[in-house]
Structures are given as structure tokens and as C-alpha cells.
Amino acid sequence: MKDFATPCTGLDETDLAIANALQIAPRASWATLGGVLGLSAVTVARRWSHISDSGFAWVTATGSPELWRSLCNAFIDVDCHPAERSRVALALARDPRTKSVMELASGRDLHVNVVTRDLPGLSRFILDRVSRLPGVVNVNCQVTTRIHVAGSDWRLDALSSGQRARLQSVAEERSGAQLGRLSDSDRALLLALAPDGRLPVTELAALTGASHSATRRRLSGLVRSGLVSFRCEIAQHITGWPVTALLWGRAPLVDRELAFVKLAKMPSVRLLTATSGDTNVFLSTWLHSIDQTLDLEKRIAAEVPDFKIANHAIVLRTVKRQGWILDELGRKRESAPIDPWYDHEPDLPTTGVSGETS
């Protein structure tokens, strides 16, 4: 996991420690979290309620990185008429097949991370959805061939090593079993968890129309089979790393794996993937300031000389991140859950991860 220096923000050190604890153990009880942090369960719950209600941090649930890797991931660059740019960005952010939507300062108007069930689903999304939006003038796509670093690896650094170890020991972990298959009932549970990954089983059962015992069993199955990822997201402007810079580059095929290893170790790298197209490597980075972009490029040139940067862009605004539409400061505003099977309901498998029939 990548740890970052604790920033000086409107949240105090206790607030940041609670957020960091929830990054490690997103569904741990308030009593467990309080025991690690030296606070009462009531205090932790009250403070988290304020942090979440203010939009500074939130717990969500999505498909796990392993599940996404088993599907079709792509990056889509969209050019728009200037007057339609924000409207197109919001329309794409509300589409269940998008994981992130960003407005860029140069090169492209919008950069969109998409996940669909398969290549035909991606084709339908581009041709039938994106290309037909009013104001869209051009669409370009790069298919992700491998994800090396995912945003779920990112961490604050507001806890001691001992506190992190205690929380890791109670975090919900997958069993190491082979990745399971997602049924339509599993999918309904994932969508119910997306707005609040800490929802208790009783509320999840009411939302999905299943019994309490079946919901508990299905949730445990999702975790054991590695299909769900619980994430505590933090508003970027309070992390101390408020600038997002995207880089596209090329690495020779014979040296690409070594390049990935070196790039993945850089603390500013939040997302690192192999892609199809004119460039074969894509990076999304968080930086302390805009001028650190040059410092990052110099470091890459020195440490990974075979990797040639072809283009870069600064993100003006992140419109959507991992199932949430954000405001200008990166605070949560509107839930927009990720659902790669959005246009495939009839084709879903009928057996869940626990062997239950949906």
C-alpha cells in the first residue's frame, strides 16, 4: 500500500486517523475502530457522521480490482463543443458503465474510465451512447490490457504502524479462492452498497428484498470470493495531493514489465495500466502542485529511461470517481454506482458465489 504524508486541512488529526482507519478496515465496528484509536465508539461514529455528511470522506463498495480485471476496461477520450462540455461530462458520469470522468486542461476535453462486461458491450457504449450524446464531436478509445496499480492501494499516513497492523488483522479479507461469478442477486447487493459501504445487513436486506440470513451469507460470499472492494475515499483537495496529472507513454515490449515495476514504486502513481493503441502505458498521478509534473517527468526519465512520455495532461476537475459524482473540491455530491452489466441483464449467470440460485 502507498502511504502519503498527512496534510494540514480543515479536518483535525483525529478525523484523518478515522478516515485512515476506514481505508484499512472499511466495515469494522465503531467499537473496534475506537479501541485502536483510543476513542469511544460513540465518538468515532459521531465524528465519522460529520466527515461523511460534509462530503470529505465516504465508504463505498464496488467490484474489486480483480473483478474489474476479468471484464473489459478502457479509457475513452471525448472532444465536445465548448458549450456542451460540462453537460456531456455529467451525462457520462451518471452512466453506470463509467468508473471515472475527468475534464482536462489540454489535448482532450474529457477522459473517461469505462468498464463493460465484454468488447461488444464496450462497442455499444461508444457507438450507441457516447457518440450520440449532443455536443460530442470525437471519441477515441484505448483498451486496458492489464491493471498494475489501482486507486484502492492509496492510503493516508495518519496512523502508527501498530495501529495499521491491528486494523489489518480485523479487515475483511478474501479467502484466496478462485474469483467467483457474479449473479444478479450479487449485483443487486453491490448496487445497494455503493452509496454507503458501511450499511448494516438489516438495511441491505430491506433494500434488496432478501432475508437477513441470505443477505449476510451473500455478503460474506462476495468478500470471500474477491468480488467486492470496500473503499474509504477522501476528497482530493484535503489529502495534500490536490493535483491530478495523466501521462501516456511507450515502453519497449521486452522491457515493459521492468518499467511497470519501477513506475509502480513511485508514490505519486495512483493508477498504472497497460493499454492498446499508439501508447502502451497509462499513468494517473496525484501531485502536491502543478510544477511537480516536471519533477515527476524528470524522475521517470532518470529511473525508467526506456519509458518515453508521449503526452501529459492536467485534470481541471474530477467529475466522477469510483461511483460518486463530485463537486469542484472533490467532495461527494451524487451517488452514481458502477454497473458494467447495465445493458446485459438477460445474460447474467443465475448462480451466486455461495451456490445459491438467484
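G197 is buried, with a relative accessible area of 0%. In this predicted model, G197 sits in the loop between α8 (184–193) and α9 (201–208). Leaving aside residues up to four places away in sequence, G197 touches R27, V59, T60, A61 and F230. One of these contacts, V59, is 138 residues away from G197 in sequence, yet the two are 5.1 Å apart in space, C-alpha to C-alpha.

With a relative accessibility of 12%, Q322 counts as buried, because the cut-off for buried is under 20%. The backbone of Q322 has a phi near 45°, which is a positive value in a residue other than glycine. The neighbours that Q322 touches, not counting residues up to four places away in sequence, are T60, T62, K99, R231, E233 and I338. A336 is 14 residues from Q322 along the chain, and their C-alpha atoms are separated by 8.5 Å.

S276 belongs to the loop between β10 (269–275) and β11. Is S276 buried, exposed or partly exposed? At 30% relative accessibility, S276 counts as partly exposed, since that class lies between the limits of 20% and 50%. Beyond the residues up to four places away in sequence, S276 touches Q142, V143 and T145. A74 is 202 residues from S276 in sequence, and the C-alpha atoms of the two are 9.1 Å apart in space.

**A residue in a helix**

T215 has its place in helix α10 (residues 212–224). The relative accessible area of T215 is 3%, and T215 is buried. Not counting residues up to four places away in sequence, T215 touches L189, V201, L204, A205, T208 and A210.

The accessibility values of these residues are set out below.

| Residue | Relative accessibility | Class |
|---|---|---|
| G197 | 0% | buried |
| T215 | 3% | buried |
| Q322 | 12% | buried |
| S276 | 30% | partly exposed |

**Aromatic pairs**

A pair of aromatic rings is described by the distance of the centres and the angle of the planes. How many aromatic pairs does the structure hold? The structure holds 3 of them. One is formed by W58 and W324, which are tilted, with 6.4 Å from centre to centre and 55° between the planes. W58 is in strand β2 (residues 57–63) and W324 in strand β13 (residues 324–326), so this pair ties together parts that are 266 residues apart in sequence. Both W58 and W324 are buried.

Another pair is made by F75 and F282. Their rings are tilted as well, at 4.5 Å centre to centre and 45° between the planes. Why does this pair tie together parts 207 residues apart in sequence? F75 lies in strand β3 (residues 72–80), whereas F282 lies in strand β11 (residues 281–287), so the pair links parts separated by that stretch of sequence. F75 and F282 are both buried. Together with W248, these two residues form one aromatic cluster.

**The chain as a whole**

The chain contains 12 helices and 14 strands. Its radius of gyration is 20 Å, close to the 21 Å that the globule rule gives for 358 residues, so the chain is as compact as a globular protein of that length. The C-alpha trace spans about 50 × 50 × 45 Å along its principal axes.

Of the 358 residues, 54% count as buried. The chain exposes about 15200 Å², and carbon and sulfur atoms supply 52% of this area.

Contacts can also be sorted by distance along the sequence. Among contacts between residues at least 6 apart in sequence, 76% join residues at least 24 apart.

The charges can be summarised briefly. There are 42 positive and 39 negative charges in the chain, and their mean positions are 3 Å apart.

Conventions. Residues numbered from 1 in each chain as written. Predicted model: local features only at pLDDT ≥ 70, side-chain atom pairs only at ≥ 80, totals over all residues. Heavy atoms only, no water. Helix = DSSP H or I, 4+ residues; strand = E, 2+ residues; numbered from the N terminus. Rg over C-alpha atoms; globule rule 2.2 N^0.38 Å. Buried < 20%, exposed > 50% of the residue type's maximum accessible area, 1.4 Å probe, protein only. Contact = heavy atoms within 4.5 Å. Areas by Shrake-Rupley, 256 points an atom, 1.4 Å probe, with all protein chains shown as cover. Lys, Arg positive; Asp, Glu negative; His and termini not counted. Charge placed at Lys NZ, Arg CZ, Asp CG, Glu CD. Phe/Tyr/Trp six-rings, centres within 6.5 Å; stacked < 30°, edge-to-face > 60°.
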